[in-house]
Amino acid sequence: MRAATRSTIHVRCEPERVYEFVSTPDNWVGTHPVTAAVTAAGAGVCRQPAGEGTRWTELIHDPDGTDPFAVEWVVVVAETGRRWVIATDRLRVPGLHCRITYTFTAAGGGCDFRRDMASALPDEATARLYGDSLRDPASHDAYLANIKTALEG
């Protein structure tokens, strides 16, 4: 089973600037509604754009109100100003995998920024528990709106 969501926004900045901002894990805190914190083993890893193979941990506020949980991300593709892809297989539920693709396209004196999240759900029970939240674009739309505000304001 799969769950997917897509969010898109236009930001009045060059694609390279938007890429730099969103590919820097520290910038997730305060912009993504579910991100509580980010950490990495290496000094400074979270304070710069993450390149291919870079790993860090995001502490996520669970929408159901339970304690935050940790997700380890790895960068799969890093094409500055064009595309950034991250993936995890370390979610709360064994067998639940997630891949997020960020796409940056120059348009209208700025950047059309798209975020696609695809999740593989291991079974029906997991789909019933998490499928709706993984398909709901609300927090992702809010994240993109916060990025737009941060970069344009």
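Buried means under 20% relative accessible area, exposed over 50%, and partly exposed in between, with a 1.4 Å probe and protein chains only. By that cut-off, the buried residues of helix α3 are His140, Tyr143, Leu144, Ile147 and Leu151. They cover an arc of only 95° around the axis, so they lie on the same side of α3. The arc is taken from the directions from the helix axis to the C-beta atoms.

This is a predicted model, in which local features need pLDDT of at least 70 and side-chain atom pairs count only at pLDDT 80 or more, while totals for chains, interfaces and linings use all residues. Residues are numbered from 1 along each chain as its sequence is written, and side-chain values use heavy atoms, with hydrogens and water left out.

**Helix α3**

- Helices (H or I, at least four residues) and strands (E, at least two) are DSSP runs, numbered from the N terminus.
- Helix α3 covers residues 138-152, which makes 15 residues.
- The expected span of a helix is 1.5 Å times one less than its number of residues. For α3 that gives 21 Å, and the end C-alpha atoms are 21 Å apart, which agrees.
- The cover over the buried residues of α3 includes β1 (2-11), α1 (15-22), β6 (97-107) and β7 (110-120). Contact here means heavy atoms within 4.5 Å.

**Strand pairing**

- Two strands pair if DSSP finds at least two bridges between them.
- Strands β3 (residues 55-60) and β4 (residues 69-79) run antiparallel, joined by 6 bridges. In this pair, Thr57 faces Glu72 in β4.
- Strand β4 also pairs with β5 (residues 83-88), antiparallel, over 5 bridges. Here Val74 stands opposite Ala87 in β5.
- The hairpin of β4 and β5 has 3 residues between the strands, and Gly81 takes a positive phi near 75° there.

**Nonpolar core**

- A nonpolar core is a set of buried Ala, Val, Leu, Ile, Met, Phe, Trp, Tyr and Cys residues joined through side-chain atoms within 4.5 Å.
- In soluble globular proteins, nonpolar side chains tend to be buried together.
- The largest core has 36 residues; Trp56, Trp84, Ile86, Tyr102, Phe104 and Phe113 touch the most other members.
- Beyond four places in sequence, the contacts of Tyr102 include Val22, Trp28, Trp84, Ile86, Phe113 and Tyr143. Arg82, Arg83, Arg114 and Arg115 are also among them.
- Val22 is in helix α1 and is buried, at 1% relative accessible area.
- Val22 and Trp84 are 62 residues apart along the chain, yet their C-alpha atoms are separated by 9.0 Å.

- Ser119 sits in strand β7 and is buried, at 1% relative accessibility.
- Outside four places in sequence, Ser119 contacts Met1, Arg2, Ala3, Leu96, His97, Cys98 and Leu134.
- Gly108 is in the loop between β6 and β7 and is exposed, at 75% relative accessibility.
- Gly108 and Ala120 are 12 residues apart in sequence, but 35 Å apart from C-alpha to C-alpha.

**Cysteines**

- A disulfide is a pair of cysteine sulfur atoms within 2.5 Å. The structure holds 0 of them.
- The closest cysteine sulfur to that of Cys13 is in Cys111, at 8.4 Å, too far for a bond. Cys13 is buried, at 13% relative accessible area.
- For Cys46, the closest cysteine sulfur is in Cys98, at 18 Å, also too far for a bond. Cys46 is buried, at 7% relative accessible area.
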